[in-house]
Amino acid sequence: MENFASLLHGFGVALTTYHVMLMMIGVFLGILVGVLPGLGAPNGVSLLLPLTFTMDPVAAIILLTSMYWGALFGGSTTSILFNIPGEPSSVATTFDGYPMARQGQATQALTLAFLSAGFGALVGVILITVLSSWVAKFALRFSSPEYFAVYFLAFASFIGLGAASPLKTIVSMGLGFAFAAVGMDTVSGGLRLTYGFNELLSGISFLIAVIGLFGIGELMLTIEEGLRFDGIQARVKIRDVFKTIATLPRYWVTLLRSAAVGCWMGITPGGPTAASFMSYGLAKRLSRRKEGFGQGEPEGVVAPETADHAAGSSAILPMLALGVPGSATAAVMMGGLMIWGLNPGPMLFVERPDFVWGLIASMYLGNIVAVLMVLATIPLFASILRIPFAIIGPVIVVVCFIGAYTVAGRPFDLWLALAFGVVGYLFKKLDYPIAPLVLAMVLGDKAEDAFRQSMIMSRGSLSIFWSNGLVATLMLIGLALALGPLLSTMLGRVGKPKGSSVVA
Amino acid sequence: MLKISWLIATAIAVTYGSMAQADWKPAKPVEFIVTSAPGGGTDNFARVVQSIIAKHKLMEQPIVVTNKGGGSGAEGFIYTKVATGDSHKLTFGTNNAYLLPYVAKLAYKPDELIPVAAMALDEFLLWVKADAPYKDAKSYIEAVKAKPDTFKMGGSQSKDTDQTLTSLIQDATGAKFIYVPFQGGGAAGVQLAGGHIDSNTNNPNENAGQWKAGAITPLCVFSPTRLQGGVKVTATMGWSDIPTCKEAGIPIDQFQMPRTVWLPGGVPADAVAFYADILKKVSQTPEWKEYIERTSQTDRFLTGQDLRTFIASDDAKNRKVFEQEGWIAR
């Protein structure tokens with residue numbers, strides 16, 4: 001109950017006209033940078049950071065976090081409308097969001113995405129309000145073996161998802177691991193796969209790959225198919241927004257499960273990307289409409305969005321309490337904390353309760369403000385799809401390349417994005433799944449670091465992954481998820497030899 | 001007539017030219033290149049300098065900060081090297097500026113950059129978990145020596161300052177650690193607080209929060225003198241109560257990391273002097289003192305010949321460790 005009193009105090013801090021104004025400005029700016037792929041939340045927040053030097057810390061963090069929420073929502077918008085995820089964590093949203101948009105259901109997809117994202121975020125914030133002290137202690141139990149187990153869990157829940165052949169999935173995942181390995185290696189301190197290109201020193205940015213694979217690859221396909229978007233005929237009606245809101249309770253199981261997955265991954269530092277993929281994987285496995293996934297199933301939008309935002313907001317807590325940022329954006333904000341004269345760490349809660357609880361209260365308010373504002377933008381964004389492809393196509397190309405350039409300001413990245421575009425096109429033509437590549441690219445190097453650190457700690461013995469209850473449980477769940485579909489496939493083959501839908 | 005006007009024009013040009021030379025000023029926005037990711041120690045350093053320059057209006061032109069932290073910062077230094085002659089690019093780093101090319105094959109050499117200033121020295125301490133049975137550095141080292149290759153020392157990155165210092169400690173005492181590289185000092189700090197490693201050599205700033213919370217405790221500082229700051233951090237100890245490692249029985253006089261600022265090669269000497277002067281002014285502001293105190297670094301402003309001497313000796317010291325450990329890339 002002590003937390004509750006502090007929270008009310010926090011609302012007192014956050015609910016001033018000035019702070020609510022800042023939230024609205026932040027959310028608005030966030031939507032703008034989120035919609036431009038490549039610009040994204042980390043860049044947006046670091047652009048805004050100098051402006052906050054003269055503000056007081058509470059106002060400054062409210063502005064920056066609101067921008068972060070806005071950018072997350074903006075990122076989902078481009079995933080759904082153009083198949084271009086603005087953030088790694090919104091990749092899973094493209095799987096069903098984009099097909100929905102192509103079928104003329106852009107309004108429904110956007111509304112569902114925003115509402116479930118808002119729901120996820122609120123669950124995440126409630127969790128950290130209630131459990132703040134426990135969560136910080138729990139996160140301390142995680143070391144490299146536990147990290148590896150969490151990443152393994154994310155990979156495992158994704159195995160056997162696509163309709164493509166398992167071999168193609170492995171090829172795609174292998175390529176993803178290779179791309180993730182480029183650049184300076186943490187464990188050995190050496191350079192890998194840079195072939196003397198200075199531009200590859202910092203590795204291949206995930207965003208460049210995604211802009212190419214999804215955005216440019218998709219455009220090439222569209223051009224080949226005769227220059228049209230199927231969504232053109234879609235009429236945009238405000239009524240659709242309200243109708244979709246009314247359908248939301250139907251997905252309550254998915255919402256709750258995804259929020260739980262998201263919170264879990266946010267606290268165990270798996271992060272929003274792992275959360276959204278895992279939640280999508282589970283939703284598909286447990287759904288009664290498995291076949292619909294990948295073809296525009298609303299549940300496939302609800303699941304990743306809820307988990308993404310639940311993880312995003314519950315991850316703020318470990319950052320504040322431990323001083324370890326969970327994402328690139330969080331790292332920029334942490335840098336901000338130091339400049340404003342605050343030290344992130346366990347003592348922040350004791351020393352600056354007004355700041356911490358003001359921030360937590362602003363997360364409630366900021367998300368509500370963000371959901372209302374993005375819902376209001378839906379008719380605008382959905383009507384973009386009514387513009388003829390001959391006009392919007394070139395605009396998307398320009399936006400893609402501007403996005404690719406803004407990631408690091410390097411012309412080299414433009415070529416890289418183009419190359420990934422060709423790869424994306426070929427993948428689609430040859431029916432290779434792109435998602436495993438993306439997942440491996442985002443989590444591959446982290447999983448690798450965690451595995452090698454574990455091996456250094458245990459001096460080469462694999463038994464470290466069974467050395468305590470926590471890591472053993474995680475590994476067992478992971479193995480069950482990984483081997484489950486294989487076993488059921490085998491059993492299915494034995495049972496009915498002609499079974500064609502063996503790949504779940 | 002023509003000749004006279006030509007003479008006048010030349011005269012004006014010469015006067016202006018020499019004036020501009022004597023009093024060089026940036027003519028367009030200045031880019032601050034940060035050789036670490038956002039949120040890292042170098043990032044904080046550069047952004048604090050930026051915020052002080054903005055607050056005291058020390059420069060007319062605006063400042064744009066860009067992070068080029070790829071390859072442990074090599075990305076930023078190569079970017080600086082390529083910008084030869086561009087006086088509007090100021091690069092922020094540590095001793096990684098001249099140490100990185102030893103351990104990896106990179107497309108720049110340290111002498112292709114011009115050192116402008118070193119503004120602070122970051123300190124290294126030996127930290128253990130607060131509830132560990134070691135009350136001083138000596139008893140900890142004895143425990144490590146009794147069971148070689150079982151104690152885990154965590155640090156940031158590989159073949160970087162933390163691993164260099166670990167190697168120096170091993171040489172000086174005969175103890176043997178398992179060195180575990182993490183992505184950054186923050187992660188190494190949390191791993192120690194969680195009891196997953198036995199010690200780390202973090203900078204004060206990276207571990208201060210966990211120390212204050214009573215999760216970990218410092219044993220000694222690798223500095224020739226004790227740290228400044230009489231205020232108590234915990235109930236019983238403040239920064240100045242931490243013994244130097246030499247006092248505590250580890251024979252290493254000094255291991256510090258300079259926070260450095262660089263310009264590309266081929267820029268006019270006046271530009272170097274201009275930035276050195278601005279940075280000097282920054283280092284005299286109360287905000288800078290506050291940053292130094294908050295991060296418990298040592299305030300030391302070096303420029304010109306002093307800086308070059310410092311770099312040469314730091315370079316030689318580190319090189320010796322690299323050679324001995326076989327880290328030099330060929």
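The model is a predicted one. This helix covers residues 106–139 of chain A, 34 residues in total. Its end C-alpha atoms lie only 39 Å apart, whereas a straight helix would reach 50 Å at 1.5 Å a residue.

## Chain A as a whole

Chain A contains 21 helices and two strands. Taken along the principal axes, the C-alpha atoms fill a box of roughly 65 × 60 × 50 Å.

Of the 504 residues in chain A, 58% are buried. Among the contacts in chain A with a separation of 6 or more, 80% are between residues 24 or more positions apart.

## Chain B as a whole

Chain B has 11 helices and 11 strands. Its C-alpha trace spans about 95 × 45 × 30 Å along the principal axes.

Chain B has 330 residues, and buried residues account for 48% of them. When contacts in chain B between residues at least 6 apart in sequence are considered, 74% join residues at least 24 apart.

## The largest nonpolar core

In soluble globular proteins, nonpolar side chains tend to be buried together. The largest nonpolar core in this model has 247 residues. Within this core, Y151(A), A154(A) and I208(A) touch the most other members. Helix α4 of chain A, residues 57–82, gives the most to the core, with 16 residues. The core also draws on chain B: at least three residues come from each of domain 1 (29–122 + 258–325) and domain 2 (125–254) of that chain.

What is I208(A) in contact with, leaving aside its neighbours within four places in sequence? The residues are A404(A), V407(A), D413(A), L416(A), A417(A) and F420(A).

## Where the two chains meet

How many residues of each chain are in contact with the other? On chain A there are 41, and on chain B there are 43.

On the chain A side, at least two residues are supplied by each of α3 (40–48), β1 (183–184), α15 (328–339) and α20 (435–458). Helix α15(A) provides the largest share of the side of chain A that touches chain B, namely seven residues.

Note on methods
Residues numbered from 1 in each chain as written. Chains lettered and ligands numbered in written order. Predicted model: local features only at pLDDT ≥ 70, side-chain atom pairs only at ≥ 80, totals over all residues. Helix = DSSP H or I, 4+ residues; strand = E, 2+ residues; numbered from the N terminus. Expected span 1.5 Å × (residues − 1). Buried ≥ 20, exposed ≤ 12 C-beta atoms within 10 Å, placed from the backbone. Contact = placed C-beta atoms within 7 Å. Core = buried A, V, L, I, M, F, W, Y, C linked by C-beta atoms within 7 Å. Domains from an automatic or database assignment.
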